[in-house]
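Hi,

Here is the structure I promised to pass on. Please open it first, then read my notes below.

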Amino acid sequence: MWDSLARLVLRYKMLWLFLLAALTGFMGWHASKVQLSYDFTGAIPTDNPRFQYYQQFRKQFGEDGNMMVIGVQSPALFEEKTFTDFAKLAKELKEVKGVENVLAIPSAIDLVKDSAAEKLQAVPLFTAAPSGNNGFHFEHYDSSLHRFFALPFYKGLLYNPNTNATLMAVRINKDILVTKTRSVVIGNIVRIADEFGKRNNITLHYSGLPLIRTQLADRMKKEMRWFLIGSVLLSAVILMLFFRSFSTMLLSLGVVLIGVVWSIGTLHLFTYKITLLTVLVPPLIVVIGIPNCIYFLNKYHITYKETGNKQEALIKMVSKMGIVTLFCNIAAAIGFAVFALTKSPILKEFGAVAGINIFCLFLISLVLIPAVLSYLPPPKERHTKYLENKWLQALLDKLEVWALNHRKIVYASTVVLLLVSVAGIARLRSEGFIVDDLPKTDRIYADLKFFEHNFKGVMPLEIVIDTKQKNGLRRRPLETFAAIDSLSAWFAARPETARPLSIVEGLKFARQAYYDGDSANYGLPNSFDISFLSSYLSTKPDSSNAKANVMSGLLLSFMDSTRQKARISVNMADIGSKQLPLFLDSVQQQANHYFDSSKYNVQFTGASVTFLEGTSFIIKGLRDSILWAFGLIALCMLYLFRSVRILFCSLLPNIIPLVMTAGVMGWAGVALKPSTVLVFSIALGIAIDITIRFLVNFKQIQQDSQKTLSELVIETIHSTGISIIYTSMVLIAGFIIFCFSGFGSTQALGWLTSLTLVVATFTNLILLPSLLISINRKK
């Protein structure tokens, strides 16, 4: 069958090359249309209750993760000249396309009772008056600043009196945040703010989900572009060193580059976008595609050296390596395609694209390599010199000795390493942070800690109080507002959460205004106050004066249109996926204490909750996919070799590297999170490739000769070992590149996968031969 296929490929090589070029052009067109995704909720299935509730919340109350914050901690800010420039900064930022509103001290308002109109008027605290050169200055600046510091409403929100830190909040249009324009908007905001900082010699700090997500996504995209280029160049150098042939190097690179084009084109063909997971597919295609080329070329060179006939060498290359490469790519594709069986959309996309294109690498290799080699001149002596590499032959001789003569030591050492690894696994922890991939010296990380220190964080947490009936907030105002105030006070006392913002804070501000602005009256309205303030619950915004009725805007933000639900917005620190569930449990206990469950339903949502849910789904999905991969790969191995003993021999050398890697993670303190769990699936899909090639070669030699078992193993080690070692070196070099990333998760992906491949290479060249001899001798 494979001989016939080889002759078919070579006979109609022009047709196959034309079809390959046409398909590559088609996929290249699709690749040019692919876009980057900025939607960070894709980790959660759309039928998940928390995801659905979060979407419902956004529809009722608006976006919760569209606020970028700018922090300042300098006494010089309150000098009149600098403060005026700070006000100009707020005005300039508001004019940036995509910015909806800017909240800062210069734009702060005070509520003043208008007895004649029987309403509260919003009065700017700082009144600007024109000055020379089209500028402005503030009238009564000192008294206005004194009044601002006396208002309890703004303490902890815009200003921290304990640390003298100030916050400016910039709200960005939610539709822009899901497009590539967000990078431009964020960049313009940072640029304009930096210019203010330079003019006044003040250090500014930036944070908020829009900035963090945008800058992380842009950095990841830029890094992966360089890693793709780096992996291609490094592979080219190694191939050139191995084969000493420029044409052979270009042929191998052609295979992987076509695979990269197809993988990116598949994204657009399936209407997917580039996510933080699918961006890994092109570099993976490079490091997985190169082994195909090495094994094909290695077999071609060995056969040509034996026969001296190029046509016969090409046919034998396809017939012998075709079946091997097919099952290797199927096994590797299964290792990734199982992600499509999870419930997480982002994992489904990654699994589908990676699995399909890894299998397509087999088709590309099968067509391109023999067809192009048929046009090239036969390999010269220098091209096959690597087959007689002295240090590699010496290494294989030593591996042969260990596999044949020291099996007990091999088994004992394996058991000891497994015990140490299991002890390390016991130390493994599963925990993720929003910015834990960044070094502590990175500006994003440092600025986030600035806001956590001065304002207790910027991660949004939303609590929705459902009164279970329309107008429930008006029917039970005292009871409801008292419970909200108690829960808010509990939040304010916690070290990881800031003072919440809710309808109650607005009513406290209104009560203070009603009693002539005396800050002593900033408190929860009583039964007498409610009779006055209740009218503001039904007040509609005055379209003729945007500042005339701030209370109506506040109520619209923190109540739904039916007055059934109230919202409590809390900013919190990035406490991690391990502590967040415990914290939410304590919040639930407090909510149950303050709110009667027969009258109220309390729900938690927001970007912080969806982050936790998404992280949990990805980790669980990756964990389940590894089990699926083992099961499906085991079935493939059983079908290929039709032997339970061979199945045992094939799986054990691949389980051990994964266990050892997990143990190293435990001892090194590397946490389980989406990026590190991904290591096991990648390593399994690649490591099983080595096993299949070794065992298939063993069976092929066994069928063609009457040698003893030991002689079969020796010949298999020497005939397959060279290509296995070369391939492992290319793969390890390809993943080592990731160690130069600025992200901790990408670094871990690089060195952990490399470690797994090193261990897998030795288990397949020492432990696997030992098992073959032990099991077959017992038979």
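Asp-85 is buried, at 14% relative accessible area. Its side chain meets that of Arg-199 in a salt bridge, 3.0 Å from N to O. Asp-85 sits in helix H4 (residues 80-94) and Arg-199 in helix H6 (residues 181-200), so the pair ties together parts that are 114 residues apart in sequence. Arg-199 is partly exposed, at 46%. Bear in mind that this is a predicted model.

The salt bridges come to 15 in total. Two others are worth a look.

Lys-449 pairs with Glu-452, and their closest N and O atoms are 3.0 Å apart. The two residues are three apart in helix H14 (residues 443-455), which means about one helical turn lies between them. Lys-449 is partly exposed at 31% relative accessibility. Glu-452 counts as buried at 16%.

Glu-479 and Lys-599 also meet through their side chains, at 3.5 Å from N to O. Here the pair ties together parts 120 residues apart in sequence, because Glu-479 lies in helix H16 (residues 477-493) and Lys-599 in the loop between helix H20 (576-594) and strand E12 (601-605). Both ends are partly exposed: Glu-479 has a relative accessible area of 34%, and Lys-599 has 33%.

There is also a network of salt bridges. It links Asp-485, Arg-499, Glu-505 and Lys-508.

Now the aromatics. The structure holds 32 aromatic pairs. One of them is Phe-57 with Phe-61, a tilted pair with 5.3 Å between centres and 35° between planes. These two are four residues apart in helix H3 (residues 49-61), so about one helical turn separates them. Phe-57 is buried, with 1% relative accessible area. Phe-61 is buried too, with 9%.

Phe-126 and Phe-138 make an edge-to-face pair, because their planes are at 65°, with the ring centres 5.8 Å apart. Phe-126 is in the loop between strand E4 (119-124) and strand E5 (127-131), and Phe-138 is in strand E6 (residues 135-139), so this pair ties together parts 12 residues apart in sequence. Phe-126 is buried at 5% relative accessible area. Phe-138 is buried at 5% relative accessibility.

Both rings belong to a cluster linked by ring pairs. Its members are Phe-78, Phe-83, Phe-126, Phe-138, Tyr-141, Phe-148, Phe-149, Phe-153, Tyr-154, Tyr-159 and Phe-509.

On to the surface. Leu-8, Tyr-12, Leu-15, Phe-18 and Leu-19 form a nonpolar patch, with about 480 Å² of accessible area together. Helix H2 (residues 13-31) gives the most to this patch, with three residues. Phe-18 is found in helix H2. Phe-18 is exposed, with a relative accessible area of 57%.

A patch of positive charge gathers Lys-180, Lys-221, Lys-222 and Arg-225. Lys-221 lies in helix H7 (residues 209-243) and is partly exposed, at 37%.

Last, the backbone. Most residues other than glycine have a negative phi. Which residue has a positive phi of about 50° although it is not a glycine? Arg-244 does. Arg-244 sits in the loop between H7 and helix H8 (246-269), and is partly exposed at 48%. Lys-468 has a positive phi as well, near 70°. Its place is the loop between strand E10 (459-466) and helix H15 (472-475). Lys-468 counts as partly exposed, at 44% relative accessibility.

Best wishes

How values were computed
Residues are numbered from 1 along each chain as its sequence is written. This is a predicted model: local features need pLDDT of at least 70, side-chain atom pairs count only at pLDDT 80 or more; totals for chains, interfaces and linings use all residues. Side-chain values use heavy atoms; hydrogens and water are left out. Patches are made of residues with over 30% relative accessible area and no salt bridge: like charges are joined within 9 Å, nonpolar side chains (Val, Leu, Ile, Met, Phe, Trp, Tyr) within 5 Å. Accessible areas come from the Shrake-Rupley method with a 1.4 Å probe; for residues, only the protein chains shown count as cover. A salt bridge is a side-chain nitrogen of Lys or Arg within 4 Å of a carboxyl oxygen of Asp or Glu. Lys and Arg count as positive and Asp and Glu as negative; His and the chain ends are not counted. The place of a charge is taken as NZ of Lys, CZ of Arg, CG of Asp or CD of Glu. Buried means under 20% relative accessible area, exposed over 50%, partly exposed in between (1.4 Å probe, protein chains only). Rings of Phe, Tyr and Trp (its six-membered ring) pair if their centres lie within 6.5 Å; planes under 30 degrees apart count as stacked, over 60 as edge-to-face and the rest as tilted.
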